[in-house]
Amino acid sequence: MTGRIIRRVEVFGRVQGVGFRPYVHRSATALGLDGWVRNVDGHVELVAAGGPAAVRALVAGIRAHPPPLSAVRRVEVGESPGGEAPARGSGFAVRASRTDPAAAPREVPPDAAVCAACLREMSDPADRRYRHPFVNCADCGPRATVIEDLPYDRARTAMRRFGLCPACAAEYADPADRRFHAEPLACPRCGPRLAWQDARGEDALRAAVGAVADGRIVAVKGLGGYQLVCDAGDPAAVAELRRRKRRPAKPFAVMVRDLAAVRRLARVGRAEEEVLTSPQRPVVLLAARSPRRAGPGRGLAPQVHPGTGRVGLFLPTTGLHHLLLRELDRPLVVTSGNLSDEPIATDERAARRALAGVADGFLTHDRPIRARYDDSVVHVVRGRTLVLRRARGYAPAPLPLPIPAAPPLVAAGAQLKHTLTLAEHGRAHLGPHTGDLADAATFEAFETSYADLARLTRITPAVVAHDPHPGYLSTRWARELPVERRVAVQHHHAHVAAVAAEHGLTGPFVGVAYDGLGLGDDGTLWGGEVLVADLTGYRRVGRFARAPLPGGEAAVRHPARMALGYLHGSEPLGVPRPGHALVRPFTDRLDPRTVRAVRAMVERDVRCPRASSAGRLFDAVASLLGLGDTVSYEGQAAVALESAAGGLRAGALPWRLVRADPLWVYDPSPTLTALLEGRSAGVPVARLAAAFHGTVAAVTDALVGHAVAAGGPRTVCLGGGCFQNRRLLAEVGRLLRARGLRVLTGHAVPVNDGGISYGQAAVASALLAREE
């Protein structure tokens, strides 16, 4: 007979842990093809035999309509070796996985929230998975947090300790079942099981529900670590959680049952609803409604999100979360299971040790957590989702690098909001959010995360990219790593390069990098920078004026010190600083000993590093407006300033650009003088806060305008933590687009320091490629 062809197909990308083999099996069977499919390390290979049209249809379907959780990067089709020819009429099979040491870097699939089909089973009293907290299928459930090695098979996951009962084994082997080769599948008979002290299963769940209902704090073992849970409407419980967790002011995330509950607590648009219900299930920052709109007993305690009009809400991610919310029927604080600045706990012994003074009880289970993943955080601006913390649901899915290099590399990241990136063959595997590396336990978690991701992706770096700041623990780690080469990438170049690389730019652009602090080429601290750059280099064309940080790190924790630094020691650029009469109402409300000490430090230039930082200017203005003289978390003062401005419209305050060094420099002295004059005249704080945002936007527009007028590119990349500020991002974008400029910012990659490692990888890869 004629007309039968045999093709060998290899599919690369996120194709393991996403139901790809079952999908290929169903598609090939429906087309009447013979052959087989299997996992090979990080990709899928198959042989298909049959009519030419049917084989072409299978390949076209793989390319165009793969499973929803997959991401097909490349499909290679070739002739099948004669020994692989399937017998006519033998049907299509799923073969055992095989390893291939020469395979390309492997992708680790992120976790996915429980799907609607599994929830229907969990809610059906007639179903054998009724109220099973660990329900999942090929379309949902744990992935990155249970995988021990690839190829992705149950024997290489944390589920290998749970033998399949006969019913689950039958589903696993049935090509028509949606649990066909769903590696984490389970049921109440084969486990895992909940535990609370001596109670198990439903008894354990009831004990935890009762504790939360009584106003207590419960540590719950989640997907990527322990979470601390309490009643979000109980002021006493929330206040006690803050005291025990040592988190006095940073907002808590709140988990609610469904979209109806979200709408009661916040204003939510269509794009926000889509990301809330996505498989990633991130925490979404939303504009909070007044407590009256929530309804009796359904509002949030004021202590949940103090100092900001935005609240972080998310929907249940697992069957266990759904059960807790159904039983309690109220919003729940669900926050990281750790003390402030420490890594999230992942195993029971460590959790009980770390959280003994925080939790009143522990709802655990016997499925091990193989990788630490906190909850992701996003917000929506102009209908687009912007990731602020890339963790569960998003990481470690790879991102492309626009200029790939041959040597494999690791990018060590920064110090705050730390992430790492492993890259090879133009793919950058951005690891999950780690935290702030100043804590020894967090640094240890970073090292563990690196070892795990390098093993799973099978990337052995020959090059390490790092920040030049010698005090960063990530830099010290990079200098000790046994590699062939080290590449230092300036902090703010990394910020804007991350934005450029995400959008596939290979040519020049204008980069605006506004953040707290980063070491500059001139030995000062930068943070309010305008660069003309590409992925291989940059030149500085604009900046904010320098001001001293009295006491260094102390000025970051105490914005009042930063304000005094500006008032008494800002860079002289031709306009006098605010006079004594204007400054006195501000200094009179401070401790006079602090004022004298700080002024002496500034005048003598003792422990006063100088910074051209937009973030520190935001801190100073917040303090001048009485919105916070001391902060307990990074960015708190700027959050308060943005919240105070609300949606109010106000004209810009006076501002001035001067030429110096030979850069265009923003002199904030006229702006600060106008702010103090406004305070003295009784202008509402909200109006002044709004006007300051408009001022920074106007200054940015002018700085970029000078860069473009001097021949700079017409594409602008906005990076740095200050652009987490929705109002600033919107106003700067509006002004620049009015000039006819293309304006880009980070979406999949955080604009804050969580994106630094990706930017470092993009720069290092481009530099290496240029040398090849």
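Mentor: Let us start with Asp-515, which lies in strand S24 (residues 509–519); helices (H or I, at least four residues) and strands (E, at least two) are DSSP runs, numbered from the N terminus. The model is predicted, so local features need pLDDT of at least 70 and side-chain atom pairs count only at pLDDT 80 or more, while totals for chains, interfaces and linings use all residues. Residues are numbered from 1 along each chain as its sequence is written, and side-chain values use heavy atoms, with hydrogens and water left out.

Trainee: Which side chain of opposite charge is nearest to Asp-515?

Mentor: Lys and Arg count as positive and Asp and Glu as negative; His and the chain ends are not counted. A salt bridge is a side-chain nitrogen of Lys or Arg within 4 Å of a carboxyl oxygen of Asp or Glu. Buried means under 20% relative accessible area, exposed over 50%, and partly exposed in between (1.4 Å probe, protein chains only). Here Asp-515 is buried without a salt bridge, and the nearest side chain of opposite charge, Arg-616, is 7.3 Å away.

Trainee: What polar contact joins the side chains of Asp-515 and His-492?

Mentor: A polar contact is a pair of N or O atoms within 3.5 Å; within protein, one must be able to donate a hydrogen and the other to accept it, and residues adjacent in sequence count only if both atoms are side-chain atoms. The side chains of Asp-515 and His-492 are joined at 2.8 Å, and those of Asp-515 and His-495 at 3.2 Å.

Trainee: Which residues have the most contacts inside the largest nonpolar core?

Mentor: Such a core is a set of buried Ala, Val, Leu, Ile, Met, Phe, Trp, Tyr and Cys residues joined through side-chain atoms within 4.5 Å. The largest has 72 residues, and those with the most contacts inside it are Tyr-514, Phe-544, Phe-692, Leu-718 and Phe-723. Helix H22 (residues 685–709) gives the largest share of this core, 13 residues. Apart from it lies another core of 41 residues, including Leu-259 and Phe-362.

Trainee: Does strand S25 run parallel or antiparallel to strand S28?

Mentor: Two strands pair if DSSP finds at least two bridges between them. S25 (residues 525–534) and S28 (residues 610–613) run parallel, with 3 bridges, and Leu-525 stands opposite Ala-611. Strand S27 (residues 547–548) is antiparallel to S28, with 2 bridges; there, Ala-547 has Ala-611 as its bridge partner.
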